[in-house]
Amino acid sequence: MAEELIFYTNPQSRGRIVRWMLEEVGVPYETKVLEYGTTMKSPEYLSINPMGKVPAIVHGGRVVTECAAICAYLADVFPEAGLLPQTLDEKANYYRWLFFAAGPLESVLNNRAVFKEEPEVEKQRMLGYGNFRDTLNALSVAVKANPYIAGDRFTAADVYVGSHIGWGLQFGTMESREEFIRYFDRLRERPAFTRAMSLDDVQAKEISEG
């Protein structure tokens with residue numbers, strides 16, 4: 001008997017990353033939509049994620065938070081989905097760029113969106129991303145090297161990295177470089193991506209209409 005899988009989210013959040021991953025995995029799951037400032041900060045949910053943020057999953061009573069961790073976990077516990085790297089070369093790229101996106105890339109995009117400026121040059125060595133230009137140049141290396149982040153095959157790392165690139169292009173927080181556009185266009189053609197976006201768009205509409 002399959003273990004219960006519960007997905008805590010809000011359609012206007014990073015939960016969209018995990019929704020896409022869940023659709024790629026293709027196993028049954030229950031969705032619980034939380035609201036900012038209310039159910040997301042309730043004692044019940046804080047017992048699952050003390051940060052009071054989404055997304056989170058509970059799988060057979062085991063809690064996993066943080067989008068990159070959830071993507072990696074789901075790929076690992078559902079290997080039949082074929083989202084894990086296979087060769088050593090794939091594994092090297094998979095882990096390198098998954099954690100690059102979870103660290104330097106997300107940090108620089110968030111800081112740039114909030115503070116609207118680069119850190120002072122003498123302080124850049126203190127930051128994992130250094131500066132915006134260096135981070136995007138490194139990301140360009142990743143998407144130019146192969147059709148997908150780990151190599152010739154789509155993996156869970158593409159869900160996470162691709163989500164950040166997609167949002168960066170959509171909201172203008174990332175330069176519209178040709179290599180980013182080509183890479184994300186390849187990902188958005190996946191049926192699981194289309195299903196996930198449709199599910200979240202419907203839930204977002206329901207919330208907005210009250």
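E90 counts as buried, at 9% relative accessibility; buried means under 20% relative accessible area, exposed over 50%, and partly exposed in between, with a 1.4 Å probe and protein chains only. The residue is found in helix α4 (residues 88-115). Helices (H or I, at least four residues) and strands (E, at least two) are DSSP runs, numbered from the N terminus.

A polar atom of the E90 side chain lies 2.6 Å from the backbone nitrogen of Q86. Not counting residues up to four places away in sequence, E90 touches P85, A150 and R153. Contact here means heavy atoms within 4.5 Å.

## Basis of the model

This is a predicted model: local features need pLDDT of at least 70, side-chain atom pairs count only at pLDDT 80 or more, and totals for chains, interfaces and linings use all residues. Residues are numbered from 1 along each chain as its sequence is written, and side-chain values use heavy atoms, with hydrogens and water left out.

## The sheet

Four strands form an open sheet with mixed pairing, in the order β2-β1-β3-β4. Two strands pair if DSSP finds at least two bridges between them. β2 and β4 (62-65) stand at the edges with a single partner strand each, so one side of each has no neighbour in the sheet. Direction ignored, neighbouring strands are turned by 20° against each other on average.

β3 and β4 pair in the antiparallel sense, over four bridges. In β4, T65 stands opposite A56. Helix α3 packs on this sheet and touches β1, β3 and β4. The direction of α3 makes about 130° with that of β4.

## Strand β1

Strand β1 (residues 5-9) is mostly covered, with five of its five residues buried. Both faces are covered. L5, F7 and T9 lie on one side, I6 and Y8 on the other.

β1 pairs with strand β3 (residues 56-59) in the antiparallel sense over four bridges. The bridge partner of Y8 in β3 is A56. With strand β2 (residues 30-33), β1 runs parallel, and four bridges join the two. There, I6 has E30 of β2 as its bridge partner. The chain crosses from β1 through helix α1 (residues 15-25) to β2 in a right-handed β-α-β crossover. Right-handed means that, with the strands pointing away from the viewer, the path from the first strand over the helix to the second runs clockwise.

## Helices α1 and α3

The axes of α1 and helix α3 (residues 67-77) come within 10 Å and cross at roughly 5°. Axes are lines fitted to C-alpha atoms, for helices over the stretch in contact, and angles run from 0 to 180 degrees between N-to-C directions. The two helices are therefore roughly parallel to each other; angles under 35 degrees count as such, over 145 as roughly antiparallel, 65 to 115 as roughly perpendicular and the rest as oblique. On the α1 side, I17, V18, M21, L22 and V25 make the contact.

Leaving aside neighbours within four places in sequence, A72 is in contact with Y94 and L98.

## The loop at G82

G82 lies in the loop between α3 and α4. G82 is partly exposed, with a relative accessible area of 30%. Beyond neighbours within four places in sequence, G82 is in contact with R153 and F154. G82 and R153 are 71 residues apart along the chain, and their C-alpha atoms are separated by 9.3 Å.

Key:
Polar contact = N/O pair within 3.5 Å; in protein donor to acceptor, adjacent residues only side chain to side chain.
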